[in-house]
Amino acid sequence: YDVNSLIVGGYSSKNNRFENNFITQCTNGIWAAGNASYPNTGIKIINNKLGDGTVSSNTSIRGIFISYSAENASQTQGEISGNEIQAGAPGTSGFNSLVAGIEVGNSNYGLQIFKNSIHDINQASTTNGAFGIYFSGTSNNGEISIYNNIIRSITVTNSNNLFSSPTLSNHGILIAAGATGTNLRIDYNTIAIN
């Protein structure tokens, strides 16, 4: 199915906690998508294992997708920490979508992403890339902190070294144009990609 057309539910989700889960064999490990009317404030995604290193058991497109976890400082900010994330597959056909360990959509003010181990993110498609952490959202992503993560072994078949085509390559952290918001902090991460 088209993961970009999933319908968001009709109620806000507040202070949800995803902790110590083992998730494999699915398109998205944890899909935490709210919207402006129904945010998912105060969400915590901590100490989960997404994928187990085998081609058939990894989450295939995204380990974690998050959006609308907070629109401003008055809402309780989200946290993604202590997770081990693997996604994609090193096969020959790849996926018809980008592959990411963590994708950050719109409205995640103050989100904290720390102490995650993101590795073996693989994309065999010739038209899409692979990213450890990918910022796709272009609004309300201020005051985000990304720190003490280990991001390694991000591979893509069609590596493109042109700056004008970053979504065709592999990146530890990729920030789409306009997606940074204000005061984005990226500190003390270890990134080693193939």
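Let's start at Lys-49. Its relative accessible area is 28%, so Lys-49 is partly exposed. Keep in mind that this is a predicted model.

What does Lys-49 pair with? Its side chain meets that of Glu-84 in a salt bridge, 3.2 Å from N to O. This pair ties together distant parts of the chain. Lys-49 belongs to strand β5, residues 49–50. Glu-84 belongs to strand β8, residues 84–88.

Next pair: Lys-44 and Glu-79. They form a salt bridge, with 3.4 Å between the closest N and O atoms. Again, distant parts of the chain are linked. Lys-44 sits in strand β4, residues 44–46. Glu-79 sits in strand β7, residues 79–81. The separation is 35 residues.

Now the surroundings of that pair. Is Glu-79 buried or exposed? Glu-79 is buried, because its relative accessible area is 18% and the cut-off for buried is under 20%. Lys-44 is another matter: at 27% relative accessibility, Lys-44 counts as partly exposed.

One more pair, Arg-17 and Glu-19. Here the salt bridge has its closest N and O atoms 2.7 Å apart. Glu-19 comes out at 31% relative accessible area, so Glu-19 is partly exposed.

How many salt bridges are there by this rule? The count is five. I have shown you some of them, including Lys-49 with Glu-84, Lys-44 with Glu-79 and Arg-17 with Glu-19.

Key: Residues are numbered from 1 along each chain as its sequence is written. This is a predicted model: local features need pLDDT of at least 70, side-chain atom pairs count only at pLDDT 80 or more; totals for chains, interfaces and linings use all residues. Side-chain values use heavy atoms; hydrogens and water are left out. A salt bridge is a side-chain nitrogen of Lys or Arg within 4 Å of a carboxyl oxygen of Asp or Glu. Buried means under 20% relative accessible area, exposed over 50%, partly exposed in between (1.4 Å probe, protein chains only). Helices (H or I, at least four residues) and strands (E, at least two) are DSSP runs, numbered from the N terminus.
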